[in-house]
Each structure stands twice: as structure tokens, then as C-alpha cells.
Amino acid sequence: EEAWKNEFWFALMRQEDTRELWHPELEMIFILKGTGQVYSADRKMTYTVRERDIFVINSFEMLNVELENDAVALSFYATYRFIASVTPELLKYKIDCRSFLHAEEKQAPFDVLRRDLAIAFQNQYKSEGNGSNYLKSKAAGILEDLCQLFLNSSQTVESKGSSEQMRVMVE
């Protein structure tokens, strides 16, 4: 088994699939087809997501995603270890990436993510067992896009002590 599969991976999600409410990995979700709902655990915040929407769920952030009918979404997961090796800045601050909150004319940064995510996902299936360095570089590019385009340096993730405890738990 490829070593990168322990650092980052992709998953297709449909209505019938269950998704953990929270997890230690950073998760990016791209709605490929259909619609769904994204909501906080207490349901105080609810959004409708549609085809082409892309958004990030930060590590340990409690958000639920429910897809409707024949909707399909692509999820990209990155572990703490992979993020630390590529873009450690992502571990300090929250990623504020939610395309559904922005008008069509403000979608350019999200288009960069859509393109890079699609390229990485396609490469995973074209080169099963081959080209893992290329795939790893594409996954690193996704994280670099997040860091450059969506890092919210006004929102730190945790205090240093809590962050250190979380790192120990997930490694």
C-alpha cells in the first residue's frame, strides 16, 4: 500500500453514506452533483450547498453534511502530519473556505481549488500504484492553495497547549 494513503486520501460521498460529525483530518468537500445541507451540531447555522460548491471543514470542527437524492460529493482528507510537512501555517489558523457564501463574481479563488482538486483526484485513479510522488505534489498544491487563498490569520485554531495535545492524540 502506498505511504501517501496514510497522509491524505479522497472519498466519494452519496446520500446513503455516513460521515463522522468530526475528525482530526482537515476535509475539503466539492459538490459534484445535486444539492445538500451543511449545518452545525446545534443546527444554529444551516446552509444549502449546490453543484460546484466547495468548502473546508477544519480539523475537529463539528459540521454535518447531508446530501439529497442523487447528489455526489468528493471529499479530500489531509492528516495533521501531512499538513505539518507541507504547510504548517494551516495548523495555526482556521481555513475560511466556503464558496456558497460568495456571489458568482467572487468565485475565482474557489475555481483554483476546484481545478487542483479535480486534477489530483483524476491522477489518483489514472496512476493506481504509479506516480505517487506526482500525486503527493498535487495534494501539497491543494494545501498551498488553501494557505495562500483562504487562511484566516485572525482566527487561531487552539492555544499552544491544546494544539500540542491534539497532535499527540492523532499521531
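How many of the residues of strand E7 are buried? Seven of its seven are, so to speak, tucked under cover, and the strand counts as mostly covered; buried here means under 20% relative accessible area, with exposed being over 50% and partly exposed in between (1.4 Å probe, protein chains only). Strands (E, at least two residues) and helices (H or I, at least four) are DSSP runs, numbered from the N terminus.

A word on the model itself. It is a predicted one, in which local features need pLDDT of at least 70 and side-chain atom pairs count only at pLDDT 80 or more, while totals for chains, interfaces and linings use all residues. Residues are numbered from 1 along each chain as its sequence is written, and side-chain values use heavy atoms, with hydrogens and water left out. The protein chain averages a pLDDT (the predictor's confidence in each residue, from 0 to 100) of 86, and 87% of the residues score at least 70. Where pLDDT is low, the predicted coordinates should not be read in detail.

Back to E7 and its surroundings. Four strands form an open sheet in the order E1-E7-E2-E5, with antiparallel pairing; two strands pair if DSSP finds at least two bridges between them. Strand E1 (8-14) and strand E5 (54-57) sit at the edges with a single partner strand each, so one side of each has no neighbour in the sheet. On average, neighbouring strands are turned by 20° against each other, direction ignored. E1 and E7 are joined antiparallel by seven bridges, and Ala11 has Ser75 in E7 as its bridge partner. Seven bridges also link E2 and E7, again antiparallel, with Ile31 partnered by Ala73 in E7. E2 (residues 26-33) is joined to E5 by four bridges, where Ile29 meets Phe55.

In a regular strand the side chains alternate between the two faces of the sheet. Both faces of E7 are covered: Val72, Leu74, Phe76 and Ala78 are buried on one side, and Ala73, Ser75 and Tyr77 are buried on the other.

Next comes the inside. A nonpolar core is a set of buried Ala, Val, Leu, Ile, Met, Phe, Trp, Tyr and Cys residues joined through side-chain atoms within 4.5 Å. The largest one has 29 residues, and Phe10, Met28, Phe76, Leu117, Leu143 and Leu146 have the most contacts inside it. E1, E2, E5, E7, helix H1 (80-86), H2 and helix H3 (132-150) each supply at least two of its residues, with H3 giving the most, seven. Apart from this core lies another, of 13 residues, including Met13 and Phe100.

Among the buried residues of H3 are Leu135, Ala139, Leu143 and Leu146. Not counting residues up to four places away in sequence, Leu143 touches Phe76 and Phe82, among others. Phe8, in strand E1, counts as buried because its relative accessibility is 0%. Leaving aside neighbours within four places in sequence, the contacts of Phe8 include Phe76, Phe82, Leu135 and Ala139.

Methods
Axes are lines fitted to C-alpha atoms, for helices over the stretch in contact, and angles run from 0 to 180 degrees between N-to-C directions. Contact means heavy atoms within 4.5 Å.
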